[in-house]
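Here's a quick tour of a protein model, written for someone just starting out. Take a look at the sequence and structure first, then read on.

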Amino acid sequence: MTMMRAWVVAEPGPIEREPLRLVEKPVPTPGPDELLVQVSACGVCRTDLHVSEGDLPVHRPRVTPGHEVVGRVAGTGGAVTGYAVGDHVGVAWLRRTDGSCAYCARGNENLCPDSLYTGWDADGGYAEYTTVPAAFAYPLPGDVDDIALAPLMCAGIIGYRALRRAALPPGGRLGLYGFGGSAHLCAQVAIAQGATVHVRTRDPAARRLALALGAASAADTYDPPPEPLDSAILFAPVGALVPVALRALDRGGILSIAGIHLSDVPPLDYEHELFYEKEVRSVTSNTREDGREFLTLVGRYGVRATTHTYPLAQAQQALQDLKAGRFDGAAVLVNDSGRGPRGGSVDSARPSPASA
């Protein structure tokens, strides 16, 4: 039996208490319609932090996080067509939908009540191998570095959907609250399409990155932008910023909330924060069409992730650094030859159930 290393959420809790464990377990067997993917790189997403800490209760005990996966097809299920061993593929957050509900039928598969998610319902990419339904994998170009591609699989796709939900008019004024992995990719698309972008973040390094990417201004989170905004996107999972962003909107402006988790929103002042037909819109996952459109724009506009790499064995450290805001851009795990986590040991694990 071929074994692999994989991180599991042993007991959700604060990441400083190291809730993850690095284990050895069998390489998964792909289902009939699935691909087995040898992971080359996996982005570190804030959603992984929410799953690890219990903000998003795990849907599967000892789940392996990670849903910004890039790698090569190492095997295929018997019903798979269109893929071969060695193909370059990406694995994203949305893993499977029922394909038959009213939401799927009208093109809103992201709202499917029976949707499943990589690294939450099924084991993800904080491992040497993972699986993905072939219909939900993304074929990737062979001439782009895997480390650069990994954050695009969620941070990029979700940021793009958040931009669409914000309904920014052509040449409009866009505010971005928080400037991590998703926001810095979203900003590149918006600027390339002619937007004026104002970034608000507490992190000085992120403000410098924003200006280097072409933002018109970058200041502290609670500083008002220099002009009214047509649209805003809240990337920071901080509910207290909802009224801040709403006050910054011009009449008819739209606030799009990009995160899957948000702390409590304080009471809103109707006159100053919602009147004049301002809107608040949530963002729920993405559709595969979002992903395909975004990856096309990546090539057209030359969108590139600012990345900071960690070996697979340091996944827990990467999540700690993400929470503490110790890097700008995005962190990416790369498969390495080490055999144990920093400050820990490798546990043994029983075979996990087949992926959903």
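What follows covers the model itself, its domains, the interface between them and its salt bridges.

This is a predicted model, where local features need pLDDT of at least 70, side-chain atom pairs count only at pLDDT 80 or more, and totals for chains, interfaces and linings use all residues. Residues are numbered from 1 along each chain as its sequence is written, and side-chain values use heavy atoms, with hydrogens and water left out.

**Confidence**
- The protein has a mean pLDDT (the predictor's confidence in each residue, from 0 to 100) of 93, and 94% of its residues reach 70 or more.
- Residues 338-356 fall below 50 in pLDDT, yet this stretch still has 45 contacts in the model beyond near neighbours in sequence (a contact means heavy atoms within 4.5 Å).

**Two domains**
- Domain 1 is 3-153 + 305-334, and domain 2 is 156-282; such bounds come from an automatic or database domain assignment.
- Taken over C-alpha atoms, the centres of domain 1 and domain 2 sit 27 Å apart.
- Domain 1 brings 21 residues to the contact and domain 2 brings 15.

**Where the domains meet**
- About 1300 Å² is buried between domain 1 and domain 2, with 61% of it from carbon and sulfur atoms (buried area is the accessible area, 1.4 Å probe, that two parts lose on being put together, summed over both).
- Leu152, Asp328 and Gly329 give 29% of the area that domain 1 buries against domain 2, more than any other three residues.

**Salt bridges**
- The interface of domain 1 and domain 2 has zero salt bridges (a side-chain nitrogen of Lys or Arg within 4 Å of a carboxyl oxygen of Asp or Glu).
- The whole structure, though, has 18.
- Arginine 96 pairs with aspartate 33 in a salt bridge, with the closest N and O atoms 2.9 Å apart.
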